[in-house]
Amino acid sequence: MKRNWELPSLNEAKLRSKSSVNTQQFILDPQLVGIGLHKKYMLHTFGCQANVRDSEVMAGILESLGFSMANSDEEADLILLNTCAIRENAENKVFGQVGNLKHLKQKNPDLIIGIAGCMAQEEVVINKILQSYHQVDLVFGTHNIHRLGDLVYKAMFAKEKTIEVYSKEGDIIENLPERRFGEHKAWVNIMYGCDKFCTYCIVPFTRGKERSRSLEDIIDEVNDLKSRGFKEVTLLGQNVNSYGKDIEIFEGFATLLKEVALTGIDRIRFTTSHPWDFTQAMVETIASYPNIMPYIHLPVQSGNNDILKIMGRRYTIAEYLDTVRRLKEAIPSLTFSTDIIVGFPNESDEQFEDTLNLYDLVQFDFAFTFIYSPRSGTPAAKFEDNISFDVKKKRLARLNEKVKHYALMHNQAMLGKEVEVLVDGPSKKDASVYSGYTPHQKLVNFKADNIKSGDIIKVRITDVKTWFLLGEQI
Ligand code: SAH
Ligand code: SF4
Ligand code: F3S
């Protein structure tokens, strides 16, 4: 059968040109308004904050077409899975969930099941869906989100699957509809894509090239959020340090951070910053504004220089430690978290020990730890690997013991301290217990009266656990 669509291509998606980025304004086709009336959508989001933010846009587009949010898959007319391709187990989770939806499709043939996000950018995934997952009606990629209205319309009336995945560097689309999932904490994209091409990573293939939104658009968004009562923004990019390089803003991220700080919004966070180009101007800016939170996620990936080199990370452990030192000198209370991959191809026991030693040196407050997962299309996927999965699992367990040890140690140091907490809301189990986060991004469960979510209040820490603190309102 002749296809009227093209398979995505990771090879094409890898290409980078010098041409400038096309910024467009989103326009809702008036003819599509109303196609979702009396219909409900369900959205499942996997992966990182970039996907969460994309889901907010998908929800916004669907609601402007007339759809309303469903409470369960059973009552939905449209189910979208916004997927993540970062590791094999992330993909397996999605395939598992698509499998579970088969019975709903059998009960209701009009149900539309769609796959979006990073997995949609991979040709192997689309081929698998075409072969084995007939219940899927719609597939669209990370560069096609603004086309959701047209695509849903097509899927509603098409006899075949609707597939639209652009494998390209990507544009910037402004003025997108949105439904924010949080009431006082918001994600703000400052840039899209990634040009770092760490050898293990699929993201530069699924998200296109690094492209920065204009400073004005970002500041307008933050001001708008602030005027709507939002207390915290997290600036999002795969490597926020690169902000502005493509649009020639000198010291782009430091400049942006300063401008965001000057909006006066209560709390500013950012993720992710790369250890490679963490400039002194960034360090000084973070130190200068009290509304930039004293917590940094700085993924190190490995404690061994040779592994870092073949990962394509562009820094040595000495340089990483120097960045940590520069930051601590400027902001003594700063806390750090990190990402670590164990079992990179041929990682030796000694190289793994270097990672444990680095952990002891930095004493991170927290770490996200992963077993290396080969991603088809990336350079590392072609590396020979003679380390067994069993060895990798044992290493991960040892590393996680360290993560736990230091998490508890840092939490113990908080006992008796007074902290400011941005209140997320009451606990589901006990309405007199609230939870929220400190400036250092520590979760606190605490007793309080007469407060509401979004308040910033003072809490005394009365007890500590490994992953959270307990306290009382002062
Ligand atoms: N842009 C961010 C990371 C995004 S991916 C950064 O560079 O810091 C989040 C984390 O997933 C990475 O930091 C890395 O630790 C992990 N990761 C990425 N690709 C992986 C792979 N193929 N196998 C295992 N972990 C991976
Ligand atoms: Fe992946 Fe590296 Fe880009 Fe992070 S910086 S998204 S790990 S390629
Ligand atoms: Fe996953 Fe894509 Fe984010 S691969 S981690 S959802 S950028």
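Student: What makes the Asp339 side chain and ligand 1 a polar contact?

Tutor: A polar side-chain atom of Asp339 lies 2.6 Å from an oxygen atom of ligand 1. A polar contact is a pair of N or O atoms within 3.5 Å, so the Asp339 pair counts as one. Bear in mind that this is a predicted model, where local features need pLDDT of at least 70, side-chain atom pairs count only at pLDDT 80 or more, and totals for chains, interfaces and linings use all residues. Side-chain values use heavy atoms, leaving out hydrogens and water.

Student: How much of ligand 1 does the protein cover?

Tutor: On its own, ligand 1 has 540 Å² of accessible area (Shrake-Rupley method, 1.4 Å probe), and the protein covers 89% of that.

Student: Why is Gly114 called buried?

Tutor: Its relative accessible area is 0%. Buried means under 20%, exposed over 50% and partly exposed in between (1.4 Å probe, protein chains only), so Gly114 is buried.

Student: What does Gly114 touch, leaving out residues up to four places away in sequence?

Tutor: Gly114 is in contact (heavy atoms within 4.5 Å) with Ile79, Leu80, Leu81 and Leu138. The C-alpha atoms of Gly114 and Leu81 are 6.2 Å apart, though 33 residues separate them along the chain.

Methods:
Residues are numbered from 1 along each chain as its sequence is written. Chains are lettered from A and ligands numbered from 1 in the order in which they are written. A polar contact is a pair of N or O atoms within 3.5 Å; within protein, one must be able to donate a hydrogen and the other to accept it, and residues adjacent in sequence count only if both atoms are side-chain atoms.
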